[in-house]
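Subject: Structure for you to look at

Hello,

Here is the structure I said I would pass on. Please open it first, then read the notes below it.

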Amino acid sequence: MTAATLDHGPSRDDGLDLKAAGHWTAEHARLLEPLIDAASHATGKHDQTQIRRIVFDATRVEHLDTYGAWLIERTLRVWSSRGAETELIGLQPNYRNLFEKVRAGEHKLTPLKHKQTGIVATFESVGRTMMAVFTDLTMIFQIAGQLIVAFLSVCAHPRRFRFTSMINHLERVCWHAVPIVVLITFLIGAIIAQQGIFHFRTFGADIYVVDMVGVLVLRELGVLIVCIMIAGRSGSAYTAELGSMKMREEVDALRTMGFDPIEVLVLPRILALMIAVPILTFLGSMAALYGGGLVAWLYGGIDPKIFMSRLHESINGQTFAVGMIKAPFMALIIGLVACMEGMQVKGSAESLGAKTTDSVVKSIFLVIVIDGLFAVFFASVGI
Amino acid sequence: MATRSGDPVIKVRDLVVDFAARRVLNGVDLDLKRGEILGFVGASGAGKSVLTRTIIGLLPMQAGSIEVLGVELSKASQAERQAVDRRWGVLFQQGALFSSLTSGKNVEFPIREYLRLSPKLTTEIAISKLEMVGLKPDVYRNYPSELSGGMIKRVALARALALDPEILFLDEPTSGLDPISAAEFDHLLLTLQETLGISVFMVTHDLDSLHRTCDRIAVLSEGKIVEAGNMDVMLASQHPWLKEYFHGERAHTDFQVAIKGRRVTERRA
């Protein structure tokens, strides 16, 4: 394939002749651009402003596509913007249409508004972030309110409740999550017991590891680990599901058919989560105690019988209840955040990804905040 | 463009394709000649999309051969294959624009990947393509979610045209457009064919569009091409599905348009 070239003809007193040849096509555009730029600055022995007339000779151009056509047009425009007279000669007739089509465009974007920089921009972005936090909070309260309304109206008309849907979600967030939740909490229990024994041994206080594992797992860790896992596993799934339904206008379709999306989509999901998390917390806590007991026996030499009797002394029903009572509240927060983020998804795939990330990050954050609030509350009522 | 009309740019022979455990195409022979607009019709589910997707390499074939621009696709090496990919553009039914990029960046995407031009020239070419399909340059900055259906189709067409392809595949380009936008699209297609000399393979259900733009029409039924030729051949065909298609209720209401469309076709020929 012949390459594309652009030669400067003999420059006259007040003008410049440009001669193009070869294939002025996309493949050669990369090589042509520097030639074009050079031609736009070429002055020969004259000052740029003295050049009054440009003749672009395209007689020997064998092949032309939109790339070549635009490059020619760009040269002509540069010169005519400097006040020179431009002329294109010798273009083959079958490329006339193409050239005219390319020439017809404006090729200019309207300039963007000047962006703030420096300190103002920093304040602006801080302000926007604060407003976003505020909006998020109102959104959570809004969706919580809608959920309560939907719940009450379902209570008034129980036949409208989507029981099948809830069971389906329950299977996915509870039953399918059991193996992984049990495995992880088992390992966590085992690790805590191992660490406890290792360090308590220095003081000869091995046996207190039972107290530590018992209280820590039942009050705090069981529910926290399960909630973090559920936020990552099911919260993200909720956001992605609702988000893609939002993107494909399925949510709007529901609304136009006279259904409340909160009642149809959100309520069964959140109720399923509120049932699932306590069950998983219970299973997780048991698995963690089992893991702790196993390590205490195999690694610390604490006999299971001694472990059990020590556990009976160190914990009571209240310890267990403190952990369990938190579970449904955490589930509610995870569900609310997940559904709120899902409903905020806009048209693009990127926004779906961003909202799913937000959902997981925010719900884990809120779960830990709520756990802290509960700790303060229980401490002040003396449990 | 050195248009030597007549020699086929796509040559499909004895193509057999299974899709979803069913033999959808059973011995398809089809030519797309250089510089022509080929309309491709057939009942919903007859396998039009399957054929298109097989030619552009998204579906595997069981038997037969597909030759595009002189390259036999099933025997082509990775590099030859990519060289062919560069010379065709595909317009998907829903546009298939990348939702995380602005329209401009969508058009620039293939240019940037294949040609490595300076950013300035890349942008200029992208704007030029957008203007060529009848959009304002400022659409460059809009995200696909901010555009109407017709505009999305146009941006997608600009992206399909980004590398100045020789062949253009259109999958139901006028579906979902109002009649005026559809007519504009047809007009645009004719202009582009004239100025760029591209060959167009168009799957469509739009009778008006067929009348207005197509040089030739091919009909797919029961896994084979049952008829191919210009509008007169179609109208004269005795194939039962074709008779229903071109002389049915929907066709009659468009009769006036049809006559006008044929006049356009004749003038162009």
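Helix H3 of chain B bends by about 30° at Phe109(B), and a proline, Pro110(B), follows within four residues. This is a predicted model, so please read every value below as computed from it. H3(B) runs over residues 103–115, and its 13 residues should span 18 Å at 1.5 Å a residue; the end C-alpha atoms are 19 Å apart, which agrees with that figure. Just after H3(B) comes Arg116(B), with a positive phi of about 50°.

Which residues of H3(B) are buried? They are Ser103(B), Gly104(B), Asn106(B), Val107(B), Glu108(B) and Ile111(B). An α-helix has 3.6 residues a turn, so residues three or four places apart point the same way. The cover over the buried residues of H3(B) includes helix H4 (119–132) and helix H5 (149–160) of chain B.

Two other positive phi values are worth a look. Ala96(B) sits in the loop between E6 and H3 of chain B, and its phi is near 50°, a positive value in a residue other than glycine. Glu172(B) lies in the loop between strand E7 (167–171) and H6 of chain B; this residue is not a glycine either, yet has a positive phi of about 45°.

Are these two residues buried or exposed? A residue counts as buried if 20 or more other C-beta atoms lie within 10 Å of its own, and as exposed if 12 or fewer do. Ala96(B) has 16 C-beta neighbours inside 10 Å and therefore counts as partly exposed. Glu172(B) has 20 other C-beta atoms within 10 Å, so Glu172(B) is buried.

Next, the sheet. Six strands of chain B form an open sheet with mixed pairing, in the order E6-E7-E8-E3-E9-E10. Strand E6 (88–91) and strand E10 (224–229) of chain B stand at the edges; each has a single partner strand, so one side of each is left without a neighbour in the sheet. On average, neighbouring strands of this sheet are turned by 15° against each other, direction ignored. Strands of a sheet pair through backbone hydrogen bonds, either parallel or antiparallel. In chain B, strand E3 (residues 37–42) and strand E9 (residues 216–221) pair in the parallel sense over five bridges. Gly42(B) stands opposite Leu220(B) in E9(B).

For chain B as a whole, there are eleven helices and ten strands. Of its 269 residues, 45% are buried. Among the contacts in chain B between residues at least 6 apart in sequence, 69% join residues at least 24 apart.

Chain B also touches chain A. The contact takes 24 residues from chain B and 24 residues from chain A. On the side of chain B that touches chain A, the elements that give two or more residues are H4 and helix H6 (179–196) of chain B. H4(B) supplies the largest share of that side, seven residues. H4(B) is also part of what covers the buried residues of H3(B).

Last, chain A. The domain assignment gives domain 1 (5–104) and domain 2 (162–381) in this chain. The C-alpha centres of domain 1 of chain A and domain 2 of chain A lie 69 Å apart.

Regards

Note on methods
Residues numbered from 1 in each chain as written. Chains lettered and ligands numbered in written order. Predicted model: local features only at pLDDT ≥ 70, side-chain atom pairs only at ≥ 80, totals over all residues. Domains from an automatic or database assignment. Contact = placed C-beta atoms within 7 Å. Pairing = 2+ DSSP bridges. Axes fitted to C-alpha atoms, helices over the stretch in contact; angles between N-to-C directions. Expected span 1.5 Å × (residues − 1). Bend = angle between axes of the 7 residues up to and from the residue.
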